[in-house]
Amino acid sequence: MRAFDWGPRLSLAQNVATIAEGEAGFDTTPFVLEAFDSLRISVTVFDRYARLIYANTQYNYLFRSLPLHETLIGMSYEALIRLELAGGEIGMPSLLDGEDAFVERRLAQFSSGDYRPFDIVLADGRVVEIKARRVKSGGWIATWTDVTDSRHVYQRLEDAIALSADAYAFFDARDRLVMCNTLYAHLHGAQSPGELRGWAFGDIAVRSARSGRFALEDVERWIERRLEMHQSPAGALTMTTTSGLSYLVRDRATRDGGRVVVFTDATDQHRAEAALEEQTQTLTITRRALARSKDEVAKREQYLADLNAKLGAVEAEADTAKTTLLRTMSHELKTPLNAIIGFSDLMQQMAHNLKAEQVAEYAGLIHQGGTNLLKMIMQILDLTKIAAGRYELQRAGIDAGGMLWMARDDFSARAEDKSITIDADQCPVGLLVQADENALRAMCGQLVENAVHFTPAGGCVTLGATQTGKHIALTVSDNGPGVDAEDLARILRPFEQSARNRSTEHSYGAGLGLTLVKELAELHGGTLAIASTPGEGFTAVITLPAA
């Protein structure tokens, strides 16, 4: 299409029609006019002198007191604004600074570099958004959109969060603050929400952490952890101000790609929980002391009578356990050590004759043997710590679904090698368990690793997280060979393996994985339950207290 310079006397429709007529050979003016008049927004075009050269029918719908849009052609933008004012079209919220200031602000939208959308409130309560853009000819195109409903929804949301006792903040997809209430602004050192609007979340978090308003032991470490939680689908933590107020902070992703952050005052709840816990502990100690005093005499009498029998039973049990441990450990330690020593000797003796691919293969087998040996030793050490009561838990609110997703990612490559699908669609975000993060990750990883290992090629592993009352269940199931009913209880004991382990091509592990998962779950106050049907798969369920 050839270039065409809009003249000051022709309307937009006439200009477009002239171009189309020259190329198509017929007059298209009626079609162009009908197309623009059918729009639900008003379109106006001004020449380089800011004179109106086109306006569609919607313009008269927005400003009902103005003459027909065809009669306004040639008028300046300022004259049109004055007509709006004279006709009583503009509402008082837009005229708080006076009519001249209103006209000046409207005209500024046509100046270079100030094309931001501009809202005006009409006398009948409608809200119109004006957007302006400069065109190559030197003129302007302005669109007028009735945004009353969307602005009212926004205002109602502002009013709702302003009345809330919680502190609210909404961030857009670029992680910049679009709305917050006064309480949120005050908590973060601002006098009003307007001071923080447009700030990035990271800047707000750093500002509040370094302001001294919150009691933080390590400010920089806290900032790092807070930003990490902000990147997860959902999270929660507790913050305490230097004045003694406690807040439950919840941070969750929204469906439009943004974030919502809510601060809930939990001061009274924390104080009541602390007082109740103290009273409960005192009452428990008192009851235990009374019970011990009451039963002490009877226990002493029975103790002497049972001592010899118990010592004999303990010695027999210890001998049996020692024999089993030594027999199993001897086998489980010698197997990877034989592989390590054998292949390393082979590489040493035939170093000059081995090809690069053979060296890589032998090194891989040595690495695999060493990894298996290290894993078994670490499992034994963890079980020893638990048995001795020295395994310390660092409890926190952990997202159960997120932890299962992490386990899925850790073993996705191994699953792909066997064409196994790991389905984590039943792992919603927001189900928080009260658990040690490292221990929970080890439990989930062990169960997913077992499922991937025992599931045949082309099979499926399914992960799930559900809440029942005050507990959350994490489920890992597969459609592998399964376990016989008589083996279910036995495989939870150390160094015990099922028939499905023997069904694989190579021996897998020392039989400590499920034992460690069970002990860790019970250390958290939870349970491990397993179920299986031979030939139809295996299911393991960890149940832990909800946060």
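**Close-up 1. Two strands side by side.** Two strands count as paired if DSSP finds at least two bridges between them. In this predicted model, strand 6 and strand 7 are linked by three bridges and run antiparallel. Look for F171 here: its bridge partner is L177, over in strand 7. In general, strands of a sheet pair through backbone hydrogen bonds, either parallel or antiparallel.

**Close-up 2. F63 meets W144.** The model has 12 aromatic pairs, and here's one of them. The ring centres of F63 and W144 are 5.5 Å apart and their planes stand at 90°, so this pair is edge-to-face. F63 belongs to the loop between helix 3 (58–62) and helix 4 (77–86), while W144 is in strand 5 (residues 140–146), so the pair ties together parts that lie 81 residues apart in sequence. Are these two residues buried or exposed? Both F63 and W144 are buried.

**Close-up 3. Y168 and F170, a stacked pair.** With ring centres 6.4 Å apart and planes at 10°, Y168 and F170 make a stacked pair. Y168 has 24% relative accessibility, so it counts as partly exposed.

**Close-up 4. A cluster of rings.** Which residues do ring pairs link into a cluster? They are F46, Y59, F63, Y77, F110, W140 and W144.

**Close-up 5. Arginines over Y61.** R64 lies over the face of Y61, at 5.0 Å from the ring centre. R126 has its charged end over the ring of Y61 too, 5.5 Å from the centre.

**Close-up 6. Positive phi in two loops.** A50 isn't a glycine, yet its phi is positive, near 60°. You'll find A50 in the loop between strand 1 (42–46) and strand 2 (52–55). D175 isn't a glycine either, and it has a positive phi of about 65°. Its place is the loop between strand 6 (167–171) and strand 7 (177–180).

Methods
Residues numbered from 1 in each chain as written. Predicted model: local features only at pLDDT ≥ 70, side-chain atom pairs only at ≥ 80, totals over all residues. Heavy atoms only, no water. Helix = DSSP H or I, 4+ residues; strand = E, 2+ residues; numbered from the N terminus. Phe/Tyr/Trp six-rings, centres within 6.5 Å; stacked < 30°, edge-to-face > 60°. Buried < 20%, exposed > 50% of the residue type's maximum accessible area, 1.4 Å probe, protein only. Lys NZ or Arg CZ within 6 Å of the ring centre and 35° of its normal.
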